[in-house]
Amino acid sequence: MNEEEYLEKLVEDFGEINGYSSEEKNEFSTVLKKLMALNDKEGSFEEIIEIIIKQ
Amino acid sequence: MIKFIDYKLTKQPDTISEETFIPNNNLNKFINSGEGGNSRILVIKASNSSGKSFLLNSIAYAFKALELPDDELSPTLRRSLNYLIDKEHQKINFEIDIVDPDGFKINSKFNYLDENEIRITDKEGVSGEIDSNEFSNRYKLLYDIPENPLDRIYKLLKSIKEFNGDILGSLNPLDIKIRDILKSIKDERDEVIIKKIQDRIDSNLELKKNREDKLNKVKEKLKDLENYNNLIRLKKSIDSKSRKEIEFSNIEKELRSLKPSSRLKTSTDNKKKISDLKKEIRNLNISGLLNYCKEEIVENKYHEKFTFCFSKTDINLFNYLFDNSESIVNDLLVYDIEEISKFLKGIESFKNISLDKVFKDIKSEYNEVDYRFIKDLKNAFFKYQENSVGDQIIVELFDKNPGLIIEQLDVYENKLSVVDDLNKLQKDLNNTLSRLMGKIKNGLALAKKMSKEITKNKNGNNNYDKKLERANNIKESINRDKFEIDKLRNTLENNGVKLSTLNDVSGRENLRENLYFKNSYCKGVEKEQIEEYKKEIKKSKLFLVDLDKALLDDNVKFKVEDSKKSSKYALNHREIQIFSNKLSFFTRYMVQRNILISDNGELNSDDSLEYKSYMKIIGEYVASLMGNKIIYQDSIVEIAYIDYSSKTPYFVTPEDKKIAFSDFSGGQGSSNYLKAKLNINEERKFIVLIDEIANMDNKSLDMVIERLKELDENNKLLLAILVEPAKEPNTFNIRAY
């Protein structure tokens with residue numbers, strides 16, 4: 001299990017606890033992974049917003 | 001793979017025990033002949049004291065093993081390394097060259113002069129020294145000796161703690177950034193806020209219009225009431241003026257038929273005294289009190305009953321006393337004792353006979369005796385109830401409970417309360433008339449003084465002088481009336497009454513009549529209504545001032561908000577806000593779970609249901625570190641996860657079979673532990689040095705070798721040397737995989 005798979009499992013568990021639907025869980029996981037990758041590259045505000053709203 | 005290795009070890013240097021060691025021939029031969037090919041996995045099996053542990057220690061020291069944290073280097077190995085570099089005990093010169101799978105050449109050497117450097121030479125032959133940080137960023141040194149391997153499997157959780165730390169390290173700044181984004185969007189144009197302000201302005205404008213309309217209506221009603229009052233005052237003043245003009249004209253005629261008296265020159269001092277006394281008489285406000293009494297009688301709600309009860313004599317007396325309020329003042333100003341005495345007697349008679357009779361008549365109609373009885377009875381009931389224990393006597397006497405009796409008494413009391421009103425009115429009128437008599441008597445004393453001052457300067461015809469004085473007084477009074485008339489006309493004109501109406505008697509009368517009907521809704525309580533309207537107007541004006549302030553504020557706010565530039569992201573504010581909330585919750589979720597693992601990898605057990613799912617996730621993670629396979633009872637067993645929820649953790653197979661940690665042999669445990677440590681997801685290349693693998697059986701060792709090969713195939717291995725002891729003496733064998 002790599003870091004990405006571990007994170008996915010955490011999001012799944014978090015989503016389950018908070019009553020998210022599968023779609024919501026996937027959406028949150030995808031945006032979160034993209035944002036974390038962007039964060040490593042110090043992404044701009046615009047890039048962050050685009051990722052959140054495009055999902 | 002190792003390209004070159006050389007060392008010189010001098011034990012107990014400069015002593016008789018001094019001994020020197022160099023690499024084993026088999027090792028030199030293995031490296032120089034290229035026997036191992038490109039293999040990076042070597043297993044050395046050598047007899048005791050053949051230098052195999054020295055070799056591992058030296059390589060480990062060369063690659064900065066002493067800089068590893070405590071949890072990555074066992075105390076046994078740290079002790080061995082410190083012993084290795086103890087110069088009093090031994091001197092070492094060591095050098096090794098390894099070729100990186102990506103084509104770099106790594107050279108590391110150290111000596112007893114404390115020189116220790118690592119150099120990297122790239123494919124173009126450019127060489128440079130790297131420090132220990134740079135080295136540890138590229139390579140992961142795993143130097144291990146299997147000790148209590150099962151305990152250490154438990155501690156593999158430390159890598160999860162690090163994982164969590166990495167994730168939280170990304171989440172926290174991201175959380176802050178997104179909040180900043182939301183804040184900056186908030187500072188941009190917000191149509192919702194603009195609409196809200198606009199709606200508030202519209203609603204306040206409507207409210208303002210309604211309040212202004214209402215205020216104007218109240219003002220109009222107040223104007224009608226004031227105009228009516230002023231028209232009555234105007235009529236009185238005009239009538240008074242006309243009456244006085246006739247009187248003045250008659251006196252003038254009489255004066256013409258009389259002979260004027262001879263005069264002494266009036267001194268300035270004397271003139272001033274006379275003028276002051278006249279002023280004092282006028283300041284007694286006798287005519288004001290007379291007008292007040294007249295209004296109280298004529299305008300009260302019982303006026304009709306008054307008229308009915310008054311005799312003709314009473315009515316004549318009333319007209320004599322109150323119709324010309326200036327008359328008695330004029331009598332005082334000319335010191336006409338006869339007229340003044342007559343007037344005083346008239347007042348007394350009106351007060352004590354006429355009014356007293358009228359009030360008695362009216363009150364008898366309302367049965368004052370009943371009223372007193374009801375009031376007294378009610379008080380007696382209350383007092384009795386306050387002091388008595390029960391109501392038995394009342395019930396027996398009246399055959400009703402006291403509550404019901406009091407209710408009926410209230411009804412009677414309300415019906416008869418008009419008697420109270422009449423008593424108040426009577427008291428007020430009696431007091432005013434008494435004050436009036438007092439003031440007239442004061443005025444009489446002042447008039448006497450004034451008369452003396454006047455007669456000081458005059459001789460002869462006293463009658464002529466008196467008439468002249470009266471004429472002068474009437475003229476002054478006419479002038480005051482004129483002044484009052486002008487004032488009232490101005491006020492009426494300012495209140496919207498046309499000049500043509502004011503100039504015409506019938507116009508004034510018609511208007512007064514119209515206003516009388518218009519104001520009939522507050523008949524008898526006009527004064528109170530005027531005060532009420534004035535209060536209402538004041539209140540409304542204050543409200544409108546506050547409303548104007550609010551409108552002004554909102555207009556400024558609107559301008560500020562409206563001037564803001566629109567952001568293309570403003571519409572997505574909600575969407576971003578929702579994600580931001582989720583992210584904050586997720587960060588909190590991570591923090592709470594991360595606390596379950598201590599910094600040194602211990603699990604703080606929490607068997608609450610909320611954390612059960614997370615326990616499974618970390619169990620799955622550690623199982624994956626082991627490639628989801630373990631050696632158990634000579635077989636390879638697939639595992640799904642590790643169950644950390646009980647005191648003795650279990651490996652759990654996909655079929656849900658459980659294998660307790662405590663059921664493992666040391667060798668199997670070592671193999672399982674090493675596999676987990678050789679994490680395929682590690683981004684750096686491994687340098688693996690493992691001493692004393694003797695307690696592993698072949699299967700367990702094979703599983704470790706398999707994992708090393710897997711790393712090698714994934715370009716994650718620089719070098720692996722595993723060492724085991726040989727029972728045969730003088731043995732030093734090297735196997736390459």
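Modeller: One term before we start. A residue is buried if 20 or more other C-beta atoms lie within 10 Å of its own. Also, keep in mind that this is a predicted model.

Colleague: Okay. How many residues of β14(B) are buried, then?
Modeller: 6 of the 6 residues of β14(B) are buried, so the strand is largely enclosed by the rest of the structure.

Colleague: Which residues point one way from β14(B), and which the other way?
Modeller: B:Lys685, B:Ile687 and B:Leu689 point one way. B:Phe686, B:Val688 and B:Ile690 point the other way. All of them are buried.

Colleague: What sheet does β14 sit in, and in what order do the strands come?
Modeller: An open sheet of 5 strands in chain B. The order is β8-β14-β15-β3-β16, and the pairing is mixed.

Colleague: Which strands stand at the edges?
Modeller: β8 (139–144) and β16 (732–736) of chain B. Each has a single partner strand, so one side of each is left without a neighbour in the sheet. From one strand to the next, the twist averages 15°.

Colleague: Back to β14(B). In what sense does β8(B) pair with it?
Modeller: In the parallel sense, over 6 bridges. Here β14 of chain B covers residues 685–690. Two partners to look up: B:Lys140 is bridged to B:Phe686 in β14(B), and B:Tyr143 is bridged to B:Leu689.

Colleague: How many bridges join β14(B) to β15?
Modeller: 5 bridges, and these two strands run parallel. β15 of chain B spans residues 717–725. For B:Val688, the bridge partner in β15(B) is B:Ala720.

Colleague: New topic. What's the order in the sheet of 3 strands?
Modeller: β11-β12-β13, in chain B. This open sheet has antiparallel pairing. Its edge strands are β11 (641–643) and β13 (658–660), and each pairs on one side only. The twist averages 30° from one strand to the next.

Colleague: How many bridges join β11(B) to β12?
Modeller: 3 bridges, with the strands running antiparallel. β12 of chain B is residues 650–652. B:Ile642 stands opposite B:Phe651 in β12(B).

Colleague: Let's do helices. What do I need to describe a packed pair?
Modeller: Two packed helices are described by the angle between their axes and the distance between the axes.

Colleague: At what angle do α9 and α17 of chain B pack?
Modeller: At about 160°, with their axes 10 Å apart. α9 is residues 286–298 and α17 is residues 418–456. Angles over 145 degrees count as roughly antiparallel, and α9(B) and α17(B) are therefore roughly antiparallel to each other. Their crossing is left-handed.

Colleague: Which residues of α9(B) meet α17(B)?
Modeller: B:Ile286, B:Leu289, B:Leu290, B:Tyr292, B:Cys293 and B:Glu296. The α17(B) residues they meet include B:Leu429, B:Leu433, B:Arg435 and B:Lys439. By class, the residues of the contact of α9(B) with α17(B) divide into 9 nonpolar, 2 polar and 4 charged.

Colleague: And at what angle do α11 and α13 of chain B pack?
Modeller: At about 140°, with axes 10 Å apart. α11 is residues 312–322 and α13 is residues 337–365. These two helices are therefore oblique to each other. The crossing of α11(B) and α13(B) is left-handed.

Colleague: What residues meet there?
Modeller: From α11(B), B:Asp314, B:Leu317, B:Phe318, B:Tyr320 and B:Leu321. From α13(B), B:Gly346, B:Ile347, B:Ser349, B:Phe350 and B:Ser354. The contact of α11(B) with α13(B) has 6 nonpolar, 3 polar and 1 charged residues.

Colleague: What about chain A? How many helices and strands?
Modeller: 3 helices and 0 strands. Along the sequence, the pattern is α-α-α. Of the 55 residues of chain A, 22% count as buried.

Colleague: How many residues of chain B are in contact with chain A?
Modeller: 25 residues of chain B, in contact with 21 residues of chain A. The elements of chain B that give two or more residues are α6 (157–186), α22 (573–594) and α23 (609–625). The largest share, 9 residues, comes from α6(B). By class, the residues on the chain B side divide into 15 nonpolar, 5 polar and 5 charged.

Technical notes: Residues are numbered from 1 along each chain as its sequence is written. Chains are lettered from A and ligands numbered from 1 in the order in which they are written. This is a predicted model: local features need pLDDT of at least 70, side-chain atom pairs count only at pLDDT 80 or more; totals for chains, interfaces and linings use all residues. Axes are lines fitted to C-alpha atoms, for helices over the stretch in contact, and angles run from 0 to 180 degrees between N-to-C directions. Helices (H or I, at least four residues) and strands (E, at least two) are DSSP runs, numbered from the N terminus. Angles under 35 degrees count as roughly parallel, over 145 as roughly antiparallel, 65 to 115 as roughly perpendicular and the rest as oblique. A crossing is left-handed if the near helix is turned anticlockwise from the far one by less than a right angle, and right-handed if clockwise. Two residues are in contact if their C-beta atoms, placed from the backbone, lie within 7 Å. Ala, Val, Leu, Ile, Met, Phe, Trp, Tyr, Cys and Pro count as nonpolar, Asp, Glu, Lys and Arg as charged, and the others, Gly among them, as polar. Two strands pair if DSSP finds at least two bridges between them. A residue is buried if 20 or more other C-beta atoms lie within 10 Å of its own, exposed if 12 or fewer, and partly exposed in between; C-beta atoms are placed from the backbone.
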